[in-house]
Amino acid sequence: MKACSWRYFLLAILAVSCQSGQEETATSGHLRLLIAESVAPVIEQEVTEFMNLYGPRGADVTYTIVNAYEANKRFINDTVRAIVTTIPLTAAEKNLVSKTTEHLAEIVLAYDGVVGIVHRQNPREKLTLDQIRGILTGRFTSWEQLGRVKTTQGTIHLVLEDSSDVALYLSQRILGGKTTFSGHRESRSPRETLERVGNDPLALGFVGLNWVESAGTSVKVLTLAADSATADTAFKPPAESIGNFYSPHPAHLYLNYYPMKRAITIYARTTPGDFATGFASFLASPAGQKIFLDRGLLPATQKIVLRRPE
């Protein structure tokens, strides 16, 4: 009896050893992923769809949602294999990562917008980038200062998440590197920003576009206009768009008409044909890109054809 049990024990060890020695493929293996919080809803859906397709074949993607600063830092320090972020790595950071991997994969997956949101009862429909700059720096502190005969009366309650990539975007791309915002109310997450704006008729907040639908909170998304002084140089708007107001529709993102546009990028340490490559390839495939489009974002790897409304 003991000999028989011993034999079964050896067979069990051999089975586990064979299993643990299996090489990963593009559709089977394990990937630990960090997702920047401001694009989490759409990337979570991408992971779910990927796992529905390839989970039965041995695919296993686990993820943690962190702020984009944390995602980039941990990726650069070689503590995680892949990240999805809205903060591009610098040339120096890419050089550091390249020393720790056979290949650094970098794919721009989609484009979204940083959006300004107000309470549904707020009659304001639009802001210029100059007005946004004035609000962030304290030049404008009340809704009346923004002009327009019919407007909300009272102090602007600016709601911002200080440690977020949205705050970094506003700092670098709207304020030219200024890191201090005037008189804002600190939020701890995009969801909290949406909830606070949805409950406060005097509030103004900023979040990533794909959070607006995902949070299930009723807010109004403002249309925005650039002027020559505040135009974004990363995605320079064409001359015909300056001074005109645009929503963050995918077509407006594609044409660079919407003035607060940014890229969503995956970075991964890869080897040819490995699981990280397979997952990144899915995100860039027609199936993965359709998910971005269905969530109101602009796909980055597929051919875009604009059609005029009939």
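What you have open is a predicted model, where local features need pLDDT of at least 70 and side-chain atom pairs count only at pLDDT 80 or more, while totals for chains, interfaces and linings use all residues. Residues are numbered from 1 along each chain as its sequence is written, and side-chain values use heavy atoms, with hydrogens and water left out.

**Stop 1: two helices**

Select residues 275-284, helix H10, and 286-294, helix H11. (Helices are DSSP runs of H or I with at least four residues, strands are runs of E with at least two, and both are numbered from the N terminus.) The two axes come within 4 Å and cross at roughly 55°; axes are lines fitted to C-alpha atoms, for helices over the stretch in contact, and angles run from 0 to 180 degrees between N-to-C directions. H10 and H11 are therefore oblique to each other.

Now show side chains. Phe 282, Leu 283 and Ala 284 in H10 meet Pro 286, Ala 287, Gly 288, Gln 289 and Phe 292 in H11, where contact means heavy atoms within 4.5 Å.

**Stop 2: strand E6**

Next, pick residues 157-160, strand E6. In a regular strand the side chains alternate between the two faces of the sheet. Which residues of E6 sit on each side? His 157 and Val 159 are on one side, Leu 158 and Leu 160 on the other, and all are buried (buried is under 20% relative accessible area, exposed over 50%, partly exposed in between, with a 1.4 Å probe and protein chains only).

**Stop 3: loop residues**

Jump to Ser 241, in the loop between strand E10 (223-225) and helix H9 (250-254). Is Ser 241 buried or exposed? Its relative accessibility is 2%, so Ser 241 counts as buried. Leaving aside neighbours within four places in sequence, Ser 241 touches Tyr 246, Asn 256 and Tyr 257.

Click on Asn 256, in the loop between H9 and strand E11 (261-270). Its phi is near 65°, a positive value in a residue other than glycine.

Key
Angles under 35 degrees count as roughly parallel, over 145 as roughly antiparallel, 65 to 115 as roughly perpendicular and the rest as oblique.
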